[in-house]
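Here is a short briefing to read alongside the picture. Have the structure open, and take the topics one at a time.

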Amino acid sequence: MQLLMFSILGFGAVLSALFMVTNKKAISAAMSLIVTMFCLAGLYVLLDAHLMAALQIIVYAGAIMVLFLFVIMLLNVEEKEGRPEGHTILLQFVAILLVGLVFLSMVNLVKVDGSMFSLGDAANPFGTTKAVGKLLFTEYLLPFEIASVLLLAAIVGAVILAKRRIDDSGSSENHSES
Amino acid sequence: MVSLNAYLMLGAVLFSIGAVGVFTQRNALIIYMCIELMLNAVNLTIIAFSRFLNNMDGHVFVFMIMTVAAAEAAVGLAIIISLFRNKATVNVDDINLSKG
């Protein structure tokens, strides 16, 4: 059963990664990268890294890819497209059905063989939030604090890089006034 | 139980796909996504080793890599935005400012 899950998730990750690399449109590439990240989260669950799987979905598929999509839509480098055509809508419908089927089969798989994923308990705390957190706040406390400083620097840097310069906007306002 | 070699092979394949993407794609945004893919492949390798060595230090490393990846994505996308503001393109062939 684990081998089956590994094959499905591994092939899904590789296929969507290949689709991303060979794609010209940034939006499609971002979507297939999200699929890759979900497959990787499933592999983390197979490897008993439950906290990392949750963080993979929340941080990568949630935060970073949403940032990518915002930037893609902000830059608007794609060609303008009109209303979606008939076959596009059909394709979307088929895709929705496929995603639903995948979720149903996943739920059934877990129901059939619930022992496939060990959720971790006091006897076997490998990869649980408690165990990783304890490690993070005792042995790796200094790297943890440095990471928070790094994030602060990244926030300040991103704001400084992405904002319009004050003198630029002031001069353009002056131009428009004159 | 899936063997360690299978996970390592999968991580290597994903990393190679990401590296090929960095060299073949000309869109700066997709190049960034390929870099994220390479970071993810490394994360998979670390977690696989962590499981098979039964040592949870790898999870902390993956946590740190995720932090750095988030910071890198924020700063990198800000750089792309300011580049786009100056040159009105995200094609890396058109952005050769340091070439002289």
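A:V45 is buried, because 20 other C-beta atoms lie within 10 Å of its own. The cut-offs are these: a residue is buried with 20 or more other C-beta atoms within 10 Å, exposed with 12 or fewer, and partly exposed in between, the C-beta atoms being placed from the backbone. You will find A:V45 in helix α2 of chain A. A:V45 and A:F137 are 92 residues apart in sequence, and their C-alpha atoms are 23 Å apart in space.

**How to read the model**
- This is a predicted model, in which local features need pLDDT of at least 70, side-chain atom pairs count only at pLDDT 80 or more, and totals for chains, interfaces and linings use all residues. Residues are numbered from 1 along each chain as its sequence is written, while chains are lettered from A and ligands numbered from 1 in the order in which they are written.
- The mean pLDDT of chain B (pLDDT being the predictor's confidence in each residue, from 0 to 100) is 90, and 99% of the residues of chain B reach 70 or more.
- For the model, ipTM is 0.90 and pTM is 0.82.

**Chain B as a whole**
- Chain B has 3 helices and 0 strands, where helices (H or I, at least four residues) and strands (E, at least two) are DSSP runs numbered from the N terminus.
- Read from the N terminus, the order of elements in chain B is α-α-α.
- The radius of gyration of chain B is 17 Å, whereas a compact globule of 100 residues would be near 13 Å; this radius is taken over C-alpha atoms, and the globule rule is 2.2 Å times the number of residues to the power 0.38.
- The C-alpha trace of chain B spans about 50 × 25 × 20 Å along its principal axes.
- Chain B has 100 residues, and 41% of them count as buried.

- Beyond its neighbours within four places in sequence, B:L29 is in contact (C-beta atoms, placed from the backbone, within 7 Å) with residues including A:F68, A:I72 and B:I80.

**Where the chains meet**
- The contact takes 50 residues from chain A and 45 residues from chain B.
- On the side of chain A that touches chain B, α3(A) gives the most, with 11 residues.
- That side of chain A divides into 44 nonpolar, 5 polar and 1 charged residues; Ala, Val, Leu, Ile, Met, Phe, Trp, Tyr, Cys and Pro count as nonpolar, Asp, Glu, Lys and Arg as charged, and the others, Gly among them, as polar.

**Two backbone angles to look up**
- Most residues other than glycine have a negative phi.
- B:N54, in the loop between α2 and α3 of chain B, has a positive phi near 55°.
- B:N54 is exposed, because it has 8 other C-beta atoms within 10 Å.
- B:A88, in the segment after α3 of chain B, also has a positive phi near 55°.
- B:A88 counts as exposed, with 10 C-beta neighbours inside 10 Å.

Methods: Two residues are in contact if their C-beta atoms, placed from the backbone, lie within 7 Å.
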